Amino acid sequence: MLQNGLDVLDFENTLCLKQPSGGRGSKMPLISLRDLHFNYETPERRVEALRGVSLDIEPGEFVAICGPSGCGKTTLMNIMGTLDRPTSGKHFYDGEDLTAKRPSELADLRARDIGFVFQSFNLIDSLSVYDNIELALLYKREDRRNLRSRILEAMDRVGIAHRAKHLPRQLSGGQQQRCAIARAIVGRPAIILADEPTGNLDSVNAAHIFGILKSLHQEGSTLVVVTHSPSQADQAERVLEMIDGRIQFSRRKLS
Ligand SMILES: Nc1ncnc2c1ncn2[C@@H]1O[C@H](COP(=O)(O)OP(=O)(O)OP(=O)(O)O)[C@@H](O)[C@H]1O
Ligand SMILES: [Mg+2]
């Protein structure tokens, strides 16, 4: 049964927001968005990229976000990842209201809990593959003694270890995305936000990378993937279809 594009369960969970955070493992949604709007302001015009998005993502869930180009998928991911603040509406993470958080507090949250994989890689051009991945752990203030083995493990998982000393410009697009995924997963984040993570990969590599993301979800990570691939979306536990800045429907896989 759908209400305003969301299933009833999502609305029932709004009650949880009034409770103090129970931490992970509680019934508290990991991410809660309420009536979220986001406008891009340009000199010529205002673009209403999100127009009233309400959504709960439970700890450990695997959610796919689909929809036509320009419907607001990347904008929504950027807000869930605290890279942008909503123009209006509420954004809770693990029960905490992020609306009034300082930029430094949001940066700490990102470093600790969120692994990003962007549509366009976003690697640092002057750093090697190894150093790009290491940077994610340095932001996380990890024990330096464990860094090397963690980085090697992450590179191995995505098949980029043989290019550890290469700069991003010396890699193919697919290899750059492998590096970006290793950087996202090396800190073992609570949530992975992947915006078309396989968009630049051939079908064999895409299946491999998508398999890695799925295995991370099976190990406990919450996974949100933007995808144009129906076969990838079908593997998620829930599919959100966006149109014109809104969630048009939410479909749960029957278990
Ligand atoms: N920096 C910006 N300034 C102005 N408008 C923007 C900006 N970024 C995105 N938009 C507009 O906001 C809307 C949503 O864009 P968004 O990138 O979220 O779409 P998307 O669903 O991710 O599309 P795609 O599938 O092509 O990646 C689009 O109309 C887009 O043109
Ligand atoms: Mg996009």
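Mentor: A residue is called buried if 20 or more other C-beta atoms lie within 10 Å of its own. Please keep in mind that this is a predicted model.

By that criterion, Lys 73, Thr 74, Thr 75, Leu 76, Met 77, Ile 79 and Met 80 of helix H2 are buried. The helix is thus mostly covered, with 7 of its 8 residues buried. For the protein chain as a whole, buried residues make up 40% of the 255 residues.

We may now turn to the ligand. The residues that surround ligand 1 are Tyr 40, Thr 42, Val 47, Ala 49, Gly 67, Ser 69, Gly 70, Cys 71, Gly 72, Lys 73, Thr 74 and Thr 75. H2, which spans 73-80, and strand S4, which spans 46-57, each supply at least two residues of this shell. The largest share comes from H2, with 3 residues. Sorted by class, the shell holds 4 nonpolar, 7 polar and 1 charged residues.

The remainder of the chain gives this helix its setting. The protein chain has 8 helices and 12 strands. Among its contacts between residues at least 6 apart in sequence, 68% join residues at least 24 apart.

One residue illustrates such a link. Leu 33 lies in strand S3, residues 31-41. Leu 33 counts as buried because it has 22 C-beta neighbours inside 10 Å. Leaving aside residues up to four places away in sequence, Leu 33 touches Val 53, Ser 54, Leu 55, Gly 89 and His 91. The C-alpha atoms of Leu 33 and Lys 90 are separated by 5.7 Å, although these two residues are 57 residues apart along the chain.

The axes of helix H4 (residues 129-139) and helix H6 (residues 173-185) come within 8 Å and cross at roughly 25°. Angles under 35 degrees count as roughly parallel, and H4 and H6 are therefore roughly parallel to each other. The crossing of H4 past H6 is right-handed. In this contact, Val 129, Asn 132, Ile 133 and Ala 136 of H4 meet Cys 179, Ala 182 and Arg 183 of H6. These residues divide into 5 nonpolar, 1 polar and 1 charged.

Definitions and conventions: Residues are numbered from 1 along each chain as its sequence is written. Chains are lettered from A and ligands numbered from 1 in the order in which they are written. This is a predicted model: local features need pLDDT of at least 70, side-chain atom pairs count only at pLDDT 80 or more; totals for chains, interfaces and linings use all residues. A residue is near a molecule or strand if its C-beta atom, placed from the backbone, lies within 6 Å of it. Helices (H or I, at least four residues) and strands (E, at least two) are DSSP runs, numbered from the N terminus. Ala, Val, Leu, Ile, Met, Phe, Trp, Tyr, Cys and Pro count as nonpolar, Asp, Glu, Lys and Arg as charged, and the others, Gly among them, as polar. A residue is buried if 20 or more other C-beta atoms lie within 10 Å of its own, exposed if 12 or fewer, and partly exposed in between; C-beta atoms are placed from the backbone. Two residues are in contact if their C-beta atoms, placed from the backbone, lie within 7 Å. Axes are lines fitted to C-alpha atoms, for helices over the stretch in contact, and angles run from 0 to 180 degrees between N-to-C directions. Angles under 35 degrees count as roughly parallel, over 145 as roughly antiparallel, 65 to 115 as roughly perpendicular and the rest as oblique. A crossing is left-handed if the near helix is turned anticlockwise from the far one by less than a right angle, and right-handed if clockwise.
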